[in-house]
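Here is a briefing on the structure shown below.

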There are 2 protein chains.
Amino acid sequence: MGDVFQAIADPTRRLILDELAERDGQSLFELCGRLAMRHGVGLTRQAISQHLALLEDADLVHSQRAGRTKLHHLNTRPLRGLTDRWLHEREE
Amino acid sequence: MGDVFQAIADPTRRLILDELAERDGQSLFELCGRLAMRHGVGLTRQAISQHLALLEDADLVHSQRAGRTKLHHLNTRPLRGLTDRWLHEREE
DNA sequence: AAGATAGGCAAGCCGTGACTTGCATGTCAA
DNA sequence: TTGACATGCAAGTCACGGCTTGCCTATCTT
């Protein structure tokens with residue numbers, strides 16, 4: 001299981017999470033298109049694919065195959081309480 | 001101003017934040033010692049110093065000079081609501 | 001003033017991460 | 001079955017990040 005902190009360290013990966021938060025269950029091609037149109041991302045399909053693999057490894061994205069396409073779903077559970085480790089200390 | 005996500009991506013920097021959360025206002029030498037003793041960090045003083053500079057650049061650490069020593073203080077404000085960007089979308 | 005202490009600056013090494021290119025695999029339509 | 005479409009795999013390039021080494025500056029003590 002990959003490191004969540006490292007997964008969200010990359011700006012492109014944060015944009016991917018943004019996109020999935022707005023429209024869940026997108027395919028790889030769909031994501032490439034929308035990232036290019038709406039966020040000015042000029043990356044290759046493979047680049048996005050590798051980012052998705054890393055996000056999956058960090059359990060931030062779940063995938064589900066549907067024929068020859070692969071739908072990607074956002075999983076926000078690893079994000080909940082991520083920073084509590086430091087915020088809670090200040091409340092005492 | 002540096003990127004907060006990138007700042008907390010490094011495990012050593014997260015340990016530094018842990019240390020400052022537990023005991024605020026430590027000097028560089030103090031941090032080096034406690035990181036070595038309590039967390040098994042075997043890094044040079046310069047390495048820790050560079051991590052601190054990056055944390056300061058991300059506004060996660062404030063520093064204050066006291067004579068020839070420099071005290072470091074944790075600033076958790078940039079951490080508050082860091083992940084709301086994705087968590088809020090799911091609540092609608 | 002001189003030595004010791006706390007920290008800063010700069011250059012260099014080295015591994016890793018981001019990205020591309022090229023080819024292979026699998027699935028759907030005609 | 002054949003061609004087009006969606007994705008996966010692997011190798012290679014390239015730049016950046018983390019770390020070290022060496023030297024310099026500033027402050028306190030005696």
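Angles under 35 degrees count as roughly parallel, over 145 as roughly antiparallel, 65 to 115 as roughly perpendicular and the rest as oblique. This is a predicted model, in which local features need pLDDT of at least 70, side-chain atom pairs count only at pLDDT 80 or more, and totals for chains, interfaces and linings use all residues. Residues are numbered from 1 along each chain as its sequence is written, while chains are lettered from A and ligands numbered from 1 in the order in which they are written.

**Helix packing in chain B**

- Helix 3 (residues 28-39) of chain B packs against helix 4 (residues 45-57) of chain B at an angle of about 110°, and their axes are 10 Å apart.
- Axes here are lines fitted to C-alpha atoms, for helices over the stretch in contact, and angles run from 0 to 180 degrees between N-to-C directions.
- Helix 3 of chain B and helix 4 of chain B are therefore roughly perpendicular.
- L28(B), L31(B), C32(B) and L35(B) of helix 3 meet R45(B), I48(B), S49(B) and L52(B) of helix 4; contact requires C-beta atoms, placed from the backbone, within 7 Å.
- By class, this contact has 6 nonpolar, 1 polar and 1 charged residues.
- Ala, Val, Leu, Ile, Met, Phe, Trp, Tyr, Cys and Pro count as nonpolar, Asp, Glu, Lys and Arg as charged, and the others, Gly among them, as polar.

**Chain A and its elements**

- Chain A holds 5 helices and 2 strands (DSSP runs numbered from the N terminus: helices are H or I, at least four residues; strands are E, at least two).
- From the N terminus, the order in chain A is α-α-α-α-β-β-α.
- The C-alpha trace of chain A spans about 50 × 30 × 20 Å along its principal axes.

**Symmetry**

- A 180° rotation with 0.0 Å of shift along its axis superposes chain A on chain B, at RMSD 0.0 Å (least squares on C-alpha atoms of residues with pLDDT of at least 70 in both copies).
- That is the relation of a two-fold axis.
- Of the residues of chain A, A9(A) comes closest to the rotation axis, at 3.0 Å (C-alpha).
- Both copies use the same surface: 100% of the contact residues of chain A recur in chain B.

**Surface near DNA strand C**

- DNA strand C is surrounded by 18 residues, the closest being T44(A), G67(A), S27(B), L28(B) and F29(B) (near means a C-beta atom, placed from the backbone, within 6 Å).
- Helix 4 of chain A gives the most to this surface, with 4 residues.

How values were computed:
Contact = placed C-beta atoms within 7 Å.
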